[in-house]
Amino acid sequence: DRARELDASRVVLCSLDTMRTAHRLYERLGFRRLPERDCEPAPGVALIAYELPA
């Protein structure tokens, strides 16, 4: 709702790669993976990205 209020075209979130249960929830909610946005902001901290079009 907040993204729509701001006229955002999408919502992007990052999650620890080990949070498999959360990833399934995101996918059920309509998020899709954005592997090109995956990152490692600190050594040993791997994040994977998801997006939801607004």
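Guide: Cys 39 stands opposite Leu 47 in S4. Before going further, a word on the source: this is a predicted model, in which local features need pLDDT of at least 70 and side-chain atom pairs count only at pLDDT 80 or more, while totals for chains, interfaces and linings use all residues. Residues are numbered from 1 along each chain as its sequence is written, and side-chain values use heavy atoms, with hydrogens and water left out.

Strands here are DSSP runs of E with at least two residues, and helices are runs of H or I with at least four, numbered from the N terminus. Two strands pair if DSSP finds at least two bridges between them. Strand S3 (residues 39-42) is joined to S4 by 2 bridges, and the two run antiparallel. Their hairpin has 2 residues between the strands, and Gly 44 takes a positive phi near 80 degrees there. Strand S1 (residues 10-16) pairs with S4 in the antiparallel sense over 7 bridges. In that pairing, Leu 16 stands opposite Leu 47. Strand S2 (residues 32-33) is also antiparallel to S4, over 2 bridges, and Arg 32 stands opposite Glu 51.

Glu 51 lies in S4, which covers residues 45-53. Glu 51 counts as buried because its relative accessibility is 5%, where buried means under 20%, exposed over 50% and partly exposed in between (1.4 Å probe, protein chains only). Its side chain makes a polar contact with the side chain of Arg 32 at 2.4 Å and another with that of Arg 10 at 2.8 Å. A polar contact is a pair of N or O atoms within 3.5 Å; within protein, one must be able to donate a hydrogen and the other to accept it, and residues adjacent in sequence count only if both atoms are side-chain atoms.

The core has 6 residues, namely Leu 13, Ala 22, Tyr 26, Phe 31, Ile 48 and Tyr 50. Such a core is a set of buried Ala, Val, Leu, Ile, Met, Phe, Trp, Tyr and Cys residues joined through side-chain atoms within 4.5 Å.

Back at Cys 39, its sulfur is 5.0 Å from the closest cysteine sulfur, in Cys 14, too far for a bond, since a disulfide is a pair of cysteine sulfur atoms within 2.5 Å.
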